[in-house]
Amino acid sequence: MASKLLMLTIFVFDLIAFGLAIAAERRRSTANIKQDGEDEHSYCVYDSDISTGFGVGAFLFLMLSQIIIMVASRCFCCGKALRPGGSRACAVLLFIICWVAFFIAEVCLLAGSVRNAYHTKYRRSYLMSDKPLSCETLRKGVFAAGAAFIFFTSILSQFYYVTYAKARGGPMPYGGEAGVGMAAYK
């Protein structure tokens, strides 16, 4: 039987990661072009960089959630074999899909955090105004994609753990002869 306390803990960690990813999307860095005191140069000025911290926090909470689920289910590597049947097949399929969704979510969160923390320091002189100044920022939707995959990972990991517990629970079926043994007549 699946542990309800473990499932609640995983749900809370995934909910925190989802909330942090949404907050990171809402608070992405923006840039403005400013003029220097002599009006000869322009440069980029970035606002708050809090979304990088939110993205890293979501990354860590999702990773912690995945580690707890895999330790509780022994990651298919250790422990006794699972009972054959539909639950085992479903657990294997959910295990693979859960890891793929987890990997995509982590890549989105990590790439978004790194890209959001990157600030260009370009300067442009009015004497050399052939190229317009570009203040690079993170594209919209990177943290939102991470939040969507956090949601998918949360659902998949919960279902994975339930099917794993169902496949693991109970006694193993007897693999010997099903009939009644008969001795030779003398």
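**Cysteines**

I started with Cys 90, which counts as partly exposed because its relative accessibility is 32%, given that buried means under 20% relative accessible area, exposed over 50% and partly exposed in between (1.4 Å probe, protein chains only). Cys 98, at 0% relative accessible area, is buried. I then looked for disulfides, meaning pairs of cysteine sulfur atoms within 2.5 Å, and the count is zero.

**Ground rules**

I note that this is a predicted model, where local features need pLDDT of at least 70 and side-chain atom pairs count only at pLDDT 80 or more, while totals for chains, interfaces and linings use all residues. Residues are numbered from 1 along each chain as its sequence is written, and side-chain values use heavy atoms, with hydrogens and water left out.

**Ser 113**

I found Ser 113 in helix 3 (residues 86-117); helices are DSSP runs of H or I, at least four residues, numbered from the N terminus. Ser 113 is buried, at 3% relative accessibility. Its side chain reaches the backbone oxygen of Leu 109 at 2.9 Å. Beyond neighbours within four places in sequence, Ser 113 is in contact (heavy atoms within 4.5 Å) with Thr 52, Gly 55, Val 56 and Phe 143.

**Helices 1 and 4**

How do helix 1 and helix 4 pack, and at what angle? I read about 170 degrees, with the axes 8 Å apart; axes are lines fitted to C-alpha atoms over the stretch in contact, and angles run from 0 to 180 degrees between N-to-C directions. The two helices are therefore roughly antiparallel, a label for angles over 145 degrees.

Terms used. Polar contact = N/O pair within 3.5 Å; in protein donor to acceptor, adjacent residues only side chain to side chain. Parallel < 35°, antiparallel > 145°, perpendicular 65-115°, else oblique.
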